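Please look over the sequence and the model shown here before reading the briefing. The points are grouped by topic so that each can be checked against the structure.

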Amino acid sequence: GAFLSHVYTNKITDYENSLHEKNTALGILASTDDLTGIMNRRIFKKVSERYFETAQRDHSSMTLLLLDLDHFKKVNDTYGHQVGDQLLIRFAKVIEPVLRKSDILARVGGAEFAVLLFTTESEGASHLTEKLREEVAKAVIKCNGQDVFVTTSIGVAQYRKRDKDFDEIFARADKALYKAKSQGRNCVVSG
């Protein structure tokens with residue numbers, strides 16, 4: 001009886017460990033963008049809402065950047081979706097090293113990314129945003145011997161004490177992003 005009990009206990013423990021590993025893997029898959037490996041929109045929304053609550057409570061600063069790859073559809077149409085995918089991956093890899101560990105990077109749409117800067121005043125956010133724009137413009141991938149590059153338009157919005165929720169900041173950043181695109185792209189507009 002003791003032997004069977006030991007065997008079943010080991011099997012149950014192995015099963016529980018396997019289940020835990022699979023749940024962890026599923027959690028990671030559910031929170032990351034499968035192409036770029038960075039945070040996805042769903043998790044970004046949850047994290048940004050927590051950051052917003054902290055900024056409200058502590059009266060601290062918070063800045064949202066929305067970045068959209070300029071003429072990305074043209075890249076897909078000209079070179080194909082595989083090159084477009086490689087460009088999205090490269091874009092994320094170019095942005096990540098410029099950010100601080102406390103900054104949040106997420107893919108929130110097809111060619112649209114968000115960066116959340118916590119405790120960053122407008123001057124620091126402006127400097128970082130311009131650096132991001134410049135780094136993206138320098139990034140290149142090879143396609144059939146040709147250099148393929150893209151620029152980015154960036155909309156910026158900062159937390160305001162009168163903001164009721166994070167969606168208000170997102171809406172201002174989104175409006176600023178579309179203004180940047182209408183002003184010729186490859187630029188930064190604050191909203």
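This is a predicted model: local features need pLDDT of at least 70, side-chain atom pairs count only at pLDDT 80 or more; totals for chains, interfaces and linings use all residues.

**Overall build and confidence**

- Of the 191 residues in the protein chain, 43% are buried.
- Among the contacts in the protein chain with a separation of 6 or more, 67% are between residues 24 or more positions apart.

**Helices α2 and α6**

- Helix α2 covers residues 41-58 and helix α6 covers residues 166-182; the two pack at an angle of about 115°, with their axes 9 Å apart.
- Because angles from 65 to 115 degrees count as roughly perpendicular, α2 and α6 are described as roughly perpendicular to each other.
- On the α2 side the residues that meet α6 are Arg41, Phe44, Lys45, Ser48, Glu49 and Phe52, and on the α6 side their partners are Phe166, Asp167, Ile169 and Phe170.

**Aromatic pairs**

- The model holds 5 aromatic pairs, and one of them joins Phe44 and Phe166, whose ring centres are 6.1 Å apart and whose planes stand at 75°, so that the pair is edge-to-face.
- This pair links distant parts of the chain, since Phe44 belongs to α2 and Phe166 to α6, 122 residues apart; Phe44 and Phe166 are both buried.
- A further pair is formed by Phe52 and Tyr159, with ring centres 5.6 Å apart and planes at 80°, which makes this pair edge-to-face as well, because planes over 60 degrees apart count as such.
- Phe52 lies in α2, whereas Tyr159 lies in the loop between β7 (152-158) and α6, so the pair ties together parts that are 107 residues apart in sequence.
- Phe52 has a relative accessible area of 4% and is therefore buried, and Tyr159, at 14% relative accessibility, also counts as buried, because the cut-off for buried is under 20%.
- Phe44, Phe166 and Phe170 are linked into a cluster by ring pairs.

**Helices α4 and α5**

- Helix α4 (residues 81-95) packs with helix α5 (residues 122-138) at an angle of about 140°, and their axes are 10 Å apart.
- At this angle α4 is oblique to α5, and the crossing of the two helices is right-handed.
- The contact is made by Phe91, Val94 and Ile95 from α4, together with Leu132, Glu135 and Val136 from α5.

- His71, which is not a glycine, has a positive phi near 55°; His71 is placed in the loop between β2 (62-69) and α3 (72-79), and at 48% relative accessibility it counts as partly exposed.
- Arg185 likewise has a positive phi, of about 70°, although it is not a glycine; Arg185 is placed in the loop between α6 and β8 (188-190), and its relative accessibility of 30% makes it partly exposed.

Notes:
Residues are numbered from 1 along each chain as its sequence is written. Side-chain values use heavy atoms; hydrogens and water are left out. Rings of Phe, Tyr and Trp (its six-membered ring) pair if their centres lie within 6.5 Å; planes under 30 degrees apart count as stacked, over 60 as edge-to-face and the rest as tilted. Helices (H or I, at least four residues) and strands (E, at least two) are DSSP runs, numbered from the N terminus. Buried means under 20% relative accessible area, exposed over 50%, partly exposed in between (1.4 Å probe, protein chains only). Axes are lines fitted to C-alpha atoms, for helices over the stretch in contact, and angles run from 0 to 180 degrees between N-to-C directions. Angles under 35 degrees count as roughly parallel, over 145 as roughly antiparallel, 65 to 115 as roughly perpendicular and the rest as oblique. A crossing is left-handed if the near helix is turned anticlockwise from the far one by less than a right angle, and right-handed if clockwise. Contact means heavy atoms within 4.5 Å.
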